[in-house]
Amino acid sequence: MACSAGGFNVLFNMLKVFPGGLPIAIVVIVHRNARYETNIEESIMTKSHITVKVAEEKEPIRRATAYFAPAGYHLLIEPDHTFSLDISEPVNFCRPSIDVTLQSAADVYGPAIAAALLSGANQDGAQGMCAVQRAGGLCIVQDPREAAVKTMPEAAIGLGAADLILTNEELITFSRQLDTYI
Amino acid sequence: MSLSFENLEELIELVNHVHGFDLNGYSRASLKRRISRILDLYRLDFRGLKHNLINTSGFFYRFLGEITVNVTEMFRDPLFYVALREEVFPYLATFPHIKIWSAGCSTGEEVYSLAILLKKQNLYDRSFIYGTDINSKVLETAKQGIFDLGKMKVYSDNYLQTGCDDSFSDYYTAGYGAAAIHHDLRKNILFSIHNLVSDGVFNEFQLITCRNVLIYFDTALQERVFNLLYESLALFGFLGLGSKETLRSEHLRERFRLINKKQNIYQKIA
């Protein structure tokens, strides 16, 4: 799941309704300033049925857990299903970059990924969605008409990397019933 | 160009065989990304890359320069420097000579930041800083001590956040779009090649900083490097890691005291 400007509320609402015991892991990329401390993970955790935390380097990826990319680092996925952090150049002026994580997840998980790209003010994520699609994964994009900032969803749709375009209501329903789709 | 994990293993094998350079302990996802970048940069496919690595003299050093991450800033993570000044330097001040090792120093920004911080605390004259990296090209830049003037605004902003009240521009001379670090800050600094994977202990230090280097290694290599850093520290010496790096090994954790959790600074106590 990834978002930037204007996408956080929808993301938060999706995380809140994921069923407990979800048999998959969630990876969340949110663009945020590395300079300021935020405790969004803890605040979401209190309202969510799954574990919510910041991904730590070399941490094994577990089900029923949502991992946030730490601010200021790219988040990569290793073939042994652990996380790696990377502090190389920003991509699309972003670190964490959505493209970087999606590309890496596609490399490792192939068709076993679903990616959801929400509101945002730049084009980060569009290339990553293409990588997920090439790997056989499912690409979900927030309906640009309902996105607070439509640049990011539109960029992915423009590249043909949207299998499903969902309204906010549909995103929530999808999230609530996620375990029935797996 | 894309590269598969199988291709990657083949390259690791090849580089070890042909160049005696061991990339085995490197995190695969990062390495794959860096090497894919080289394929794009040089417009090569996998076969072309192998050909160049075997047959083109000098190519391997460019390859090595590209796979290592050389992103750094002066006073990056200002609060780390605040923690050094307030929690580490008072100890260092009790030593007649202070030896510092910046491991994986890249283009030297951290080394010069340490030099400025030491100078501010009147400790620089009895300090010596070793900056090491595996990449000889970045060390050339580090030795010159000349940086892009455009970056000084960010560095100056970082510097202000360390709570220093003087002007950052007092430490360099600006001209022709560049900023040259003052000579009096360079006299107690030595930059040299060192490979954390294959080279050993070369001195004993009161402070070692090794930040955002270990994240590129797998857990087995991380443990080996932690041992090297431990062996390289004087008793009651300090180790500064990147904020997301963890000292996992039980037997090493017992030999260190955590000084600052957020800034990830440890002191060797046994």
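In which strand of chain B does Phe256(B) lie? The answer is strand 9, which covers residues 256-260. Welcome to this structure, which is a predicted model.

**A loop in chain A**

- Chain A has a loop between strand 6 (83-86) and helix 3 (98-109), and Pro96(A) is found in this loop.
- The peptide bond that joins Arg95(A) and Pro96(A) is cis, with omega at about 10 degrees.
- Asn92(A) also lies in the loop between strand 6 and helix 3 of chain A.
- The phi angle of Asn92(A) is near 55 degrees, which is a positive value in a residue other than glycine.
- How many C-beta neighbours does Asn92(A) have inside 10 Å? There are 19, so Asn92(A) counts as partly exposed.

**A loop in chain B**

- Asn212(B) lies in the loop of chain B that runs between strand 7 (205-210) and helix 9 (219-232).
- Here too phi is positive in a residue other than glycine: for Asn212(B), the angle is near 60 degrees.
- Is Asn212(B) buried or exposed? Asn212(B) is buried, because 25 other C-beta atoms lie within 10 Å and the class needs 20 or more.

**The domains of chain B**

- The domain assignment of chain B gives domain 1 as residues 5-67, and domain 2 as two segments, 78-146 and 183-268.
- Between the C-alpha centres of domain 1 and domain 2 of chain B, the distance is 28 Å.
- Where these domains of chain B are in contact, seven residues of domain 1 meet nine residues of domain 2.
- On the side of domain 1 of chain B that touches domain 2, the residues by class are two nonpolar, four polar and one charged.

Note on methods. Residues are numbered from 1 along each chain as its sequence is written. Chains are lettered from A and ligands numbered from 1 in the order in which they are written. This is a predicted model: local features need pLDDT of at least 70, side-chain atom pairs count only at pLDDT 80 or more; totals for chains, interfaces and linings use all residues. Helices (H or I, at least four residues) and strands (E, at least two) are DSSP runs, numbered from the N terminus. A residue is buried if 20 or more other C-beta atoms lie within 10 Å of its own, exposed if 12 or fewer, and partly exposed in between; C-beta atoms are placed from the backbone. Domain bounds come from an automatic or database domain assignment. Two residues are in contact if their C-beta atoms, placed from the backbone, lie within 7 Å. Ala, Val, Leu, Ile, Met, Phe, Trp, Tyr, Cys and Pro count as nonpolar, Asp, Glu, Lys and Arg as charged, and the others, Gly among them, as polar.
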